[in-house]
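This report covers chain dimensions, a chain–chain contact, a domain pair and a helix pair. The sequence and structure come first.

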Amino acid sequence: MSSVGAEVESATPAEAPAGTLRHQAVAFVIMVAVLVVLPFFVYPIFLMKALCFALFACAFNLLIGYVGLLSFGHAAFLGAAGYVTAHAAKVWGWPPELAIVAGTATAAALGLAVGAVAIRSRGIYFANITLALAQMIYFFFLQAKFTGGEDGIQSVPRGTLFGFLDLRPTVTLYFVVLAIFLAGFLLVHRTIHSPFGQVIKAIRENEARAISLGYRPEHYKLIAFVLSATLSGLAGGTKAIVFQLASLTDVHWTMSGEVVLMTLLGGLGTVFGPVVGAFLLITIEHYLAQLGAWVTIVQGVIFVICVLAFRRGVVGELARLIRRPL
Amino acid sequence: MRGNLIVFQFLGIPPQALFGQLLIGLINGSFYALLSLGLSVIFGLLNIINFAHGAQYMMGAFVAYFLLQYAGLGYWWALLLTPVLMAGLGMALERTTLKRLYHLDHLYGLLLTFGFALIIQGVFRHAFGSSGLPYPIPPELAGGRNLGFMFLPNYRAWVIVFSVGVCLATWYVIEWTKLGSYLRAATENPALVRAFGINVPRMITLTYGFGVGLAALAGVLAAPIYQVNPLMGADLIIVVFAVVVIGGMGSIMGSIVTGFALGVVEGLTKVFYPEASNTVIFVIMAIVLLVRPTGLFGRAS
Amino acid sequence: MRNPLAITATVLALLAGPAHAQISDGIVKIGVLNDQSSLYADLAGQGSVVAARMAVEDFGAAAKGLKVEIIFADHQNKADVGSQIARQWYDAEKVDLILDVPNSGVALAVNQITRDKGKAFIVSSAASSDLTGKACSPNTVHWTYDTWALANGTGNAIVKTGGDTWFFITADYAFGHALERDTEAVVVKTGGKVLGKVRHPLNNQDFSSFLLQAQASKAKIIGLANAGGDTTNAIKQGAEFGIVKGGQNFAGLLVFLTDVHALGLDKAQGLIFTETFYWDLNERTRAFAKRFAERNRGIHPTMIHAGAYAGTMHYLKAVEALKGDDGAKVIAKMKEMPTDDPLFGKGTIRADGRKIHPAYLVEVKKPAESKYPWDYYKVRTTIPAEQAFRPIDQGDCPLVKK
């Protein structure tokens, strides 16, 4: 059974030629350099938003690009973590690092719960189930008193990191967020290129064979799912601190659709694709924000074009050009 | 309503509240049933989850609105013309875009229809804003009758009657006619059916068109009571997905029965435990999945 | 289609003049942030932008050498969208004043951001009385009306005429909660009873199940603690379900001229509610309405449009007097200067940011009583300014010295 993302893998050689990782390392260094310099030219809050979404997309890509499961409910993890972080920072007065950890842990727990129910299915059924479960979580947050419903949790304090770093100045906050993003990004990369990642790829390519070799696919898929949910939570908690707000938008299913689009646009199953996709999409949204509904229309058009004619995404096409996986 | 005084109370809830909400639940269930029927039919043959179903439902309501505004054609014309128009649109869509994805993973079909849903909703939102446009209840169905426990508007009674009719008619066609049997056969083994000389691709196109037509029909039905607005299908469609999962994707009778049943369950929840009324359908879905992963009436995939 | 760039370019071209030394960047930049596409688009929306521009022109900014620029954006009734726009406007686009912001949830978020950044915020449309209560800020002025004034005016009047049992249908966010809370307090204080409440999501399309519950409660009055499209939907569907025929009545707790227009007099007649401006009150308001309608596709001004106009006017007067546009300082100056404009007459702004002016209890005319377009209200009573708003010491505002 084929799956989304398999197409991408087949476009690049099955055995990574010598120097692949070097290529990726070069790309990584370029990415870091650009991200370090950008806040001095571009509005940093905008950049931080892009970084949070880039992390979210990387986490999502782990699931769809490498495990081959399309989850249409990932917003639940982003938003739930946002709410818990906001509540911890504002109501319990926790410092930002603990608040974000609390949010991330919540997302992990949710990931375990959702994964346990959904992982027995695959393909369309999996997408459908994750969508419906996420919607259930959305309604829970809509009605829970602590979330403030339509108003959201507002005036979340930025706080002082580790007791000495005041996060209110925007540039300081930016570099903290950048550090969080890079940590998450490297974790995803490490996971993919670890023995665990190899097993996942084996399961994706031929599940029956993997079973015959003694692996339990359900367990591996669930672990990948939980990891993906956890990192999504990390993105969500960080976002709540940056914007000092947690709202229903982050748990709504349209957000789940957005992360799918980011990853698709950037390139499913590529390492840098989600980052590129996130930045592209956030930029487009920013410039179209004045025009309200145009954002939705453009997102839809990009979806249609990508699915019909551009399935490898930006980075995927780039990777094919230089014949190295990116 | 001030007429009969029904003295007993059921579990502490006055009968007005109970039966009234049940009736409203049946009305909601009518829409769930109609929409999940369309989705099931499409999924059965194309193996695609038509994410654009909600947007097509919304377009149905808008077409009815346009027919009235610009062509002076009222409700009954809309009921006839809108599904046909929308079915045509649906078929054009399938022919030009969906067809190209059949050789790929079916998830791409989901993503494509999701993209279409965004485009359609965005365009309508841009043109019409997101508060509702009024569509009048047809005068033949205006007014209502006092049932003692509630005042039931005639139009809402019509909604129930009409949807049951359409659902049963569809079920009959699929289960009992020759055309329906070709459809069911093509679902199970398209290659063999093609070998018998039946034009399967055309059947697929027609099926998609039919599903879209059903969605549009639901939209016309909804226009007089739910306010014609671009977002009317957006959140509704997620509930319908859950209904389809519970009923069993691809099962016609399953979708119909589950649609009505879940509408009633939702109505009951509103009476006894209103906070849960939004989530009860999803909770049921989670339970059904744990116990019977293919749904209550579903076939093993 | 609205093109903000073209509009701002035009405004700039019209208002060229020498820059002032202490005005930040030499331009007073006003951002109108409201709902341009959803259920609150008619009662505020583009009309507020028109009203603000009229205020700038009537103030004579060009002649006085003051450069004023107006931009606008749609917050889509979402707190995150609204707060991101506000943040961006203050940080990157040098906006000095944010105006309007219907939707109390968004207004509360913008209120906090404005305070953090030391800018100015004039709320001409949001309703929550918390804006001059717990959330009061030295950078914010709450113009036009609030939930307390509505509850006080409408609630009192209705209970006194026999509507002493209530059932609330409430929009489930900051505004709805505040309105329900303030109205319930009034009902209970005047000897009435609240028999039940139900909450509905914002921009709700189907009220059937809520109306059924209201009917079952047998309350004499169904209080609609919502606004805009939600109110009109509830009333329309109430007609379907025979609410009024069954002997119950709706109390529209927040109704605007545009809602009555959308419902039509046949459905809206007899509604009694509180407003702080009506276009047909006197010669001055009529003159304003005529000019406004010409620029706003014939739609006459709601009290929100009037508030946007008057608020902008007073803000510009304060900036002129201060010769600067630092947020907190301008707001303080606005509180210092008594207000006088053709729409609200003479009034003041209190220490908690609350603008004080008279309120009017109005009743919607029957179709036969309406003689010309937009002739919708008859004014039943005028509530003097001192009684119209919550006493300053009852709001828990930290700015008010006890």
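The sections below go from one chain to the contacts between and within chains.

## Basis and overall form of chain A

The model is predicted. Chain A contains 14 helices and two strands. Its C-alpha trace spans about 50 × 45 × 40 Å along the principal axes.

## Contact between chains A and B

The contact between these two chains involves 34 residues of chain B and 35 residues of chain A. On the chain B side, the elements that supply two or more residues are helix H4 (107–128), helix H9 (234–247) and helix H11 (280–291) of chain B. H4(B) has the largest share of that side, with 15 residues.

By residue class, the side of chain B that touches chain A holds 22 nonpolar, eight polar and four charged residues.

## Domains of chain C

In the domain assignment, chain C has domain 1 (4–145 + 281–353) and domain 2 (148–275 + 359–385). Their C-alpha centres are 28 Å apart. Domain 1 of chain C puts 21 residues into the contact, and domain 2 of chain C also puts in 21 residues.

Which element gives the most to the side of domain 1 of chain C that touches domain 2 of chain C? H4(C) does, with three residues. That side of domain 1 of chain C consists of nine nonpolar, ten polar and two charged residues.

## Packing of H3 and H4 in chain C

The crossing of H3(C) past H4(C) is right-handed.

From H3(C), the residues in this contact are C:Ala79, C:Gly82, C:Ser83, C:Ala86, C:Arg87 and C:Tyr90. They meet C:Gly105, C:Val106, C:Ala109, C:Val110, C:Ile113 and C:Lys117 of H4(C). The residues of the contact of H3(C) with H4(C) comprise seven nonpolar, three polar and two charged.

Definitions and conventions. Residues are numbered from 1 along each chain as its sequence is written. Chains are lettered from A and ligands numbered from 1 in the order in which they are written. This is a predicted model: local features need pLDDT of at least 70, side-chain atom pairs count only at pLDDT 80 or more; totals for chains, interfaces and linings use all residues. Two residues are in contact if their C-beta atoms, placed from the backbone, lie within 7 Å. Helices (H or I, at least four residues) and strands (E, at least two) are DSSP runs, numbered from the N terminus. Ala, Val, Leu, Ile, Met, Phe, Trp, Tyr, Cys and Pro count as nonpolar, Asp, Glu, Lys and Arg as charged, and the others, Gly among them, as polar. A crossing is left-handed if the near helix is turned anticlockwise from the far one by less than a right angle, and right-handed if clockwise. Domain bounds come from an automatic or database domain assignment.
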